[in-house]
Structure formats: structure tokens, C-alpha cells
Amino acid sequence: MEKSIALALLASAFVISCGPKSTAVTGPKFTSSEHLAQGKTVFENSCNRCHKLPDPAKHDDKGWIKTLSRMAPKAKLTDEQHQMVYDYLISVNKK
């Protein structure tokens, strides 16, 4: 019985530590220079709090969807900020 309780607590801790995943982004949405500039600002100010900024070329479009779905909740981004960061990153990759 104690073993099952310990496993349940361990599993709960794992789920909490992983945090929720955001599903705000499924593809590009914002293309205006204003939104892309806002995305760049959010990227630079939010992502830099915890780690060095990654090179936008590090991932393709799908790779950024996966990465940002994990990182946006940790950075406490709104769905709109999440989308703008994604759109900024993929716009830089296409240049």
C-alpha cells in the first residue's frame, strides 16, 4: 500500500513539474510587421529570463510549434504572445 502511494505521489510531482502544454499555435497567423516586432520583443524579453536565446534557425516550423508548446506556459505567455513569438521565429527563418 505504501509503495502505491509513493508511486502516485511521484507521478503527481512529475506531471506538475512538466507543467501544462500550450496548444495555441497550429501554424502562422500574424504577418504584419507590427505583430512580428511584438513577437520579437516578447521572445527577447521572456525567453531570455531563463536561458540564452535560441537561434531561430534551430527548428523548422513544426519544431517551433513543439518547442513553444512546452516553453510558452513556463514563460507565462498568453495565447496571443505565444502566436506572435512563433510567427516571428518562422518569419526570421524564411529570410
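This report walks through the predicted model of a protein chain, from its overall layout to a few residues worth a visit.

**Before you start**

The model is predicted, with local features needing pLDDT of at least 70 and side-chain atom pairs counting only at pLDDT 80 or more, while totals for chains, interfaces and linings use all residues. Residues are numbered from 1 along each chain as its sequence is written, and side-chain values use heavy atoms, with hydrogens and water left out.

**The overall layout**

The protein chain has four helices and zero strands, and from the N terminus on its elements run α-α-α-α. Helices (H or I, at least four residues) and strands (E, at least two) are DSSP runs, numbered from the N terminus.

Of the 95 residues in the protein chain, 31% are buried. Here buried means under 20% relative accessible area, exposed means over 50%, and partly exposed is in between (1.4 Å probe, protein chains only). The chain exposes about 6700 Å², and carbon and sulfur atoms supply 59% of that area. Accessible areas come from the Shrake-Rupley method with a 1.4 Å probe, and for residues only the protein chains shown count as cover.

Contacts (heavy atoms within 4.5 Å) tell us about the fold too. Among those between residues at least 6 apart in sequence, 75% join residues at least 24 apart.

The predictor's confidence in each residue is called pLDDT, from 0 to 100. The protein chain averages 82, and 74% of the residues score at least 70. Where is confidence lowest, and where is it highest? The lowest is in helix H1 (residues 2-18), at a mean of 47, and the highest is in helix H2 (residues 33-46), at 95. Over residues 6-19 pLDDT stays under 50, and the model has one contact beyond four places in sequence for them. Where pLDDT is low, the predicted coordinates should not be read in detail.

**A meeting of two rings**

The structure holds one aromatic pair. The rings of Phe43 and Tyr88 have centres 5.8 Å apart and planes at 45°, so the pair is tilted. Rings of Phe, Tyr and Trp (its six-membered ring) pair if their centres lie within 6.5 Å; planes under 30 degrees apart count as stacked, over 60 as edge-to-face and the rest as tilted. Because Phe43 lies in helix H2 and Tyr88 in helix H4 (residues 79-93), the pair ties together parts that are 45 residues apart in sequence.

Phe30 sits in the loop between H1 and H2, with 58 residues in sequence and 8.6 Å in space, C-alpha to C-alpha, between Phe30 and Tyr88. Ala37 is found in helix H2; Ala37 and Tyr88 are 51 residues apart in sequence and 7.3 Å apart in space, C-alpha to C-alpha.

| Residue | Relative accessible area | Class |
|---|---|---|
| Phe43 | 4% | buried |
| Tyr88 | 12% | buried |
| Phe30 | 13% | buried |
| Ala37 | 43% | partly exposed |

Beyond its neighbours within four places in sequence, Phe30 has several contacts, among them His35, Leu36 and Met84.

**A helix with a kink**

Helix H3 (residues 61-74) has 14 residues and reaches 20 Å from its first C-alpha to its last, close to the expected 20 Å. That expected span is 1.5 Å times one less than the number of residues. H3 also has a kink of about 35°, centred on Leu68; the bend at a residue is the angle between axes fitted to the seven residues ending there and the seven starting there.

Which residues of H3 are buried? They are Gly63, Trp64, Thr67, Leu68, Ser69 and Ala72, and what covers them includes H4.
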